[in-house]
Amino acid sequence: MLKGISPLLTPELLKTLMEMGHDDALVLADANFTAVRIAAGKPVLRLPGSSMADVVKAITDLLPLAADVQHPVAYMQVSDKPDDYQSGLQREVLAQVNPLLQGGQSAEGLERFAFYDRAREAFAVVLTGETQPFGNFILRKGVIADNLRP
């Protein structure tokens, strides 16, 4: 255990977060997500029994979101619903990440198969224990600024 770091963040997940570079993407997937097939040889980290909201909180406490893109967060839209529909879980997670976004940024809803396509390009997949269908998100890593020294 380390002070100030959620026990949800396993050594393997911490190592993955450290290895990610600027603009690398991390998929946070529900328990139904086809993680191994989508990841195709990339890391799949398992956090069984964990809720998506808890995992998002633990990760975003450490991972800066990309500031140089319009949509540093994406979520899988619910099939057979209007494009602007958001499930209770999606609203809960977006309420957590929205305060972390810069001016002009927003989360982007992606149709299910478009989400899979983007997820295939991600650095890694974190498979949570979340049982809410369509509870899948992608976070793009940003940088920690050093305020350009004179």
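Start with α1. Its face turned away from the buried side carries the exposed residues P11, K15 and M18. Keep in mind that this is a predicted model. Now the other face of α1. L13, T16 and L17 are buried there. What do the buried residues of α1 pack against? Four elements: β1, β2, α3 and β5.

That takes us to the sheet. It is open and has 6 strands. Read the order as β2-β5-β1-β6-β3-β4, with mixed pairing. Which strands stand at the edges? β2 and β4, the latter spanning residues 107–110. Each has a single partner strand, so one side of each is left without a neighbour in the sheet. From one strand to the next, the twist averages 20°.

β2 and β5 run parallel, joined by 4 bridges. L45 has V126 in β5 as its bridge partner.

Next, helices on the sheet. α3 lies across β1, β2, β5 and β6. Its direction is at about 155° to β1. Then α5, residues 112–120. This helix packs on the sheet and touches β1, β3, β4 and β6. With β3, the direction of α5 makes about 130°.

The largest nonpolar core has 26 residues. Which members touch the most others? L13, L26, L28, I59 and V126. So who supplies this core? At least two residues each come from α1 (11–19), β1 (25–29), β2 (44–47), α3 (52–60), β3 (73–76), α4 (88–97), β5 (124–128) and β6 (137–140). The largest share, 5 residues, comes from α3.

Set aside the neighbours within four places in sequence. L26 is then in contact with L17, M20, I59, A124, V126, F137, I138 and L139. Note L17 in that list; this is one of the buried residues of α1.

There is also a second, separate core. It has 17 residues, including I38, Y116, A119 and V125.

Last stop, Q90. The residue sits in helix α4. Buried or exposed? Q90 counts as buried, because its relative accessibility is 0%. What surrounds it, leaving out neighbours within four places in sequence? Q90 is in contact with Y75, M76, Q77, V78, Y85, F134 and F137. F137 is also among the contacts of L26.

How values were computed
Residues numbered from 1 in each chain as written. Predicted model: local features only at pLDDT ≥ 70, side-chain atom pairs only at ≥ 80, totals over all residues. Heavy atoms only, no water. Core = buried A, V, L, I, M, F, W, Y, C linked by side-chain atoms within 4.5 Å. Buried < 20%, exposed > 50% of the residue type's maximum accessible area, 1.4 Å probe, protein only. Contact = heavy atoms within 4.5 Å. Pairing = 2+ DSSP bridges. Axes fitted to C-alpha atoms, helices over the stretch in contact; angles between N-to-C directions.
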